[in-house]
Amino acid sequence: GKYLSGGAPADHDSEDDCHDCASGKFSGAASQSCTACSAGRYLTNAASLDEIAACPVCANGKFSAAEASESCSACFAGKYLSDDGSTSSLHDAETDCTDCEVG
């Protein structure tokens with residue numbers, strides 16, 4: 001994703017005037033700013049128009065506790081996260097990982 005910030009008209013006459021979005025952020029066409037992926041999601045497509053397309057929910061067994069993540073972390077040994085990756089709020093903290101049953 002790229003964005004074009006304010007400035008003089010001469011600053012808007014070439015694609016080279018556009019800036020790359022920072023790590024973990026996305027923007028669509030004609031954007032003036034970039035948006036961070038929410039916690040529980042990770043960036044896969046910085047040029048997408050919306051968060052659902054740019055930042056999928058972390059997969060089963062993984063979480064992302066911070067905004068603007070480019071990857072998800074696996075639950076620690078002895079823990080699991082069984083959500084199928086459809087609800088970001090179930091993947092936004094290490095505490096979303098549940099202890100495995102004994103045995």
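Trainee: Which residues does Asp-92 touch, not counting those up to four places away in sequence?
Mentor: Asp-92 touches Ala-39, Gly-40, Ser-64 and Ala-65, where contact means heavy atoms within 4.5 Å. Bear in mind that this is a predicted model, in which local features need pLDDT of at least 70 and side-chain atom pairs count only at pLDDT 80 or more, while totals for chains, interfaces and linings use all residues. Residues are numbered from 1 along each chain as its sequence is written, and side-chain values use heavy atoms, with hydrogens and water left out.

Trainee: Where is Asp-92 found?
Mentor: Asp-92 sits in the loop between strand 7 (79-80) and strand 8 (98-99); helices (H or I, at least four residues) and strands (E, at least two) are DSSP runs, numbered from the N terminus. Asp-92 counts as partly exposed because its relative accessibility is 29%, given that buried means under 20% relative accessible area, exposed over 50%, and partly exposed in between, with a 1.4 Å probe and protein chains only.

Trainee: Is Arg-41 buried or exposed?
Mentor: Arg-41 counts as buried, because its relative accessibility is 12%. A polar atom of the Arg-41 side chain lies 2.7 Å from the backbone oxygen of Cys-55. Leaving aside neighbours within four places in sequence, Arg-41 is in contact with residues including Glu-51, Cys-55, Cys-58, Ser-64 and Ser-88.

Trainee: Changing topic, how many disulfides does the count come to?
Mentor: The count comes to four disulfides, a disulfide being a pair of cysteine sulfur atoms within 2.5 Å. One of them joins Cys-37 and Cys-55, whose sulfur atoms are 1.9 Å apart. That pair links distant parts of the chain, with Cys-37 in the loop between strand 4 and helix 1 and Cys-55 in the loop between helix 1 and strand 5 (62-63), 18 residues apart.

Trainee: Is the disulfide of Cys-37 and Cys-55 left-handed or right-handed, and why?
Mentor: The disulfide is left-handed, because the torsion about its S-S bond is about -65°. Cys-37 and Cys-55 are both buried.

Trainee: Which residues form the largest nonpolar core?
Mentor: The largest nonpolar core has five residues, namely Phe-26, Cys-37, Leu-43, Ala-54 and Cys-55; such a core is a set of buried Ala, Val, Leu, Ile, Met, Phe, Trp, Tyr and Cys residues joined through side-chain atoms within 4.5 Å. In soluble globular proteins, nonpolar side chains tend to be buried together. Across the chain, buried residues make up 25% of the 103 residues.

Trainee: What joins Cys-58 to Cys-72?
Mentor: A disulfide does, with an S to S distance of 2.0 Å. Cys-58 lies in the loop between helix 1 and strand 5 and Cys-72 in the loop between strand 5 and strand 6 (73-74), so the pair ties together parts that are 14 residues apart in sequence.

Trainee: What is the pairing of the bonded cysteines, numbered in sequence order?
Mentor: In sequence order, the bonded cysteines of the chain pair 1-2, 3-4, 5-6, 7-8. Cys-100 is in no disulfide, and the nearest cysteine sulfur, that of Cys-75, is 8.9 Å away. Cys-100 is partly exposed, with a relative accessible area of 41%.

Technical notes: Polar contact = N/O pair within 3.5 Å; in protein donor to acceptor, adjacent residues only side chain to side chain.
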